[in-house]
Amino acid sequence: MAASLPPLNWFFHQTYSPVQVKGSRSNLSYFVQSGTMMIIVKSRTRSVGVPICTCRAAAASSVVFRDLDADDFRHPLDRQNTLLLRAIPGVNEVGKALLGSVAEQVMLLENIGTSVLVSKKQLPDLHQLMNEAAETLNVEPPDLYVRQSPVPNAYTLAISGNRPFVVVHTSLIELLTQKELQAVIAHELGHLKCDHGVWLTFANILALGAYSIPGLGGLIARSLEEQLFRWLRAAELTCDRAALLVARDPKVVISVLMKLAGGCPSMADQLNVDAFLEQARSYDKASSSPIGWYMRNAQTRQLSHPLPILRAREIDEWSRSLEYRSLLKRAIHTNSTQKV
């Protein structure tokens with residue numbers, strides 16, 4: 001059953017969580033609705049109260065993809081659904097015109113007023129993680145904010161593309177290692193690299209317009225919503241690949257997904273990536289029967305994100321593909337300082 005959509009200026013888009021959460025409009029961080037404005041939220045709740053960064057410098061070799069294009073790592077399903085969206089005349093231009101300046105300014109002021117802006121002088125370790133990831137993906141680094149919250153979230157605002165920024169919650173920083181945190185930042189940069197914000201925004205404008213029309217309009221809106229969810233799930237697979245290009249270790253990306261599915265700092269040393277992948281294979285086997293196939297589709301149909309277990313399997317398979325190995329051959333290694 002298709003859910004009704006809220007007013008236009010309150011759209012958000014989840015990044016890591018496979019579920020949707022709706023909270024008070026007075027707290028922008030906790031209001032989640034499938035769709036637009038590229039506020040990407042992971043719904044995992046727990047309390048936190050620890051320092052943001054306890055990092056030390058270590059010599060490392062970073063990788064730069066000088067001529068990396070979004071289509072070099074875009075997931076086939078993302079590519080297919082993006083082409084379908086681009087086939088709609090004028091969606092890109094109209095979407096930017098309708099939502100660009102006002103909505104972006106509202107969210108910018110919200111984060112400036114409630115978060116800490118990362119820079120060379122403020123949380124320099126996180127600043128370096130962002131710059132390294134942006135250089136690897138050949139994308140301009142957006143502003144990075146740290147926000148106090150017990151919900152381990154990371155989200156990106158990219159409406160008009162003029163002033164995109166990423167927000168990371170303190171509880172997410174507590175949950176992840178430095179390499180995992182950089183993989184999350186790279187995932188967010190993947191949304192910017194692929195210009196996902198524009199498509200997500202206008203797809204929901206179309207859905208809103210259809211909902212306002214009785215009869216056939218409602219049917220059209222439900223069809224658009226289902227198509228949008230399919231595209232969102234594919235877009236997340238693309239951004240997981242962006243995370244892998246920066247991490248260059250599939251276990252780092254899979255560990256992020258595993259921790260978001262069921263991890264906490266006190267048990268981090270007991271979590272096992274190989275066991276999580278074995279769990280993914282068990283899920284595939286259990287859902288291979290006709291009944292299992294039906295249940296699997298019913299389970300994911302209304303989700304804006306693939307299940308973490310399926311994302312882990314996807315990134316594991318891509319890490320062993322010829323496409324990924326070919327990209328690595330194009331990489332240029334540079335010396336840098338990495339926080340561990």
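At what angle do helix α9 and helix α11 pack, and how far apart are their axes? Hold that thought for a moment while I say what we're looking at. This is a predicted model, where local features need pLDDT of at least 70, side-chain atom pairs count only at pLDDT 80 or more, and totals for chains, interfaces and linings use all residues. Residues are numbered from 1 along each chain as its sequence is written, and side-chain values use heavy atoms, with hydrogens and water left out.

Okay, the helices. α9 (residues 273-286) and α11 (residues 308-319) pack at about 105 degrees, with their axes 9 Å apart. So they're roughly perpendicular to each other, a label that covers 65 to 115 degrees. Where do they meet? On the α9 side we have Phe276, Leu277, Gln279, Ala280, Tyr283 and Asp284, and on the α11 side Pro308, Ile309, Leu310, Ala312, Arg313 and Asp316; contact here means heavy atoms within 4.5 Å.

Now over to strand β5, residues 165-169. All 5 of its 5 residues are buried, so the strand is largely enclosed by the rest of the structure. Buried means under 20% relative accessible area, with a 1.4 Å probe and protein chains only. Phe165, Val167 and His169 point one way, while Val166 and Val168 point the other.

And its neighbours? β3 (residues 143-147) pairs with β5 in the parallel sense over 5 bridges, and there Val146 stands opposite Val168. β4 (residues 154-157) pairs with β5 too, but antiparallel, over 4 bridges, with Thr156 partnering Val166. Pairing takes at least two DSSP bridges between the strands.

Methods:
Buried < 20%, exposed > 50% of the residue type's maximum accessible area, 1.4 Å probe, protein only. Helix = DSSP H or I, 4+ residues; strand = E, 2+ residues; numbered from the N terminus. Axes fitted to C-alpha atoms, helices over the stretch in contact; angles between N-to-C directions. Parallel < 35°, antiparallel > 145°, perpendicular 65-115°, else oblique.
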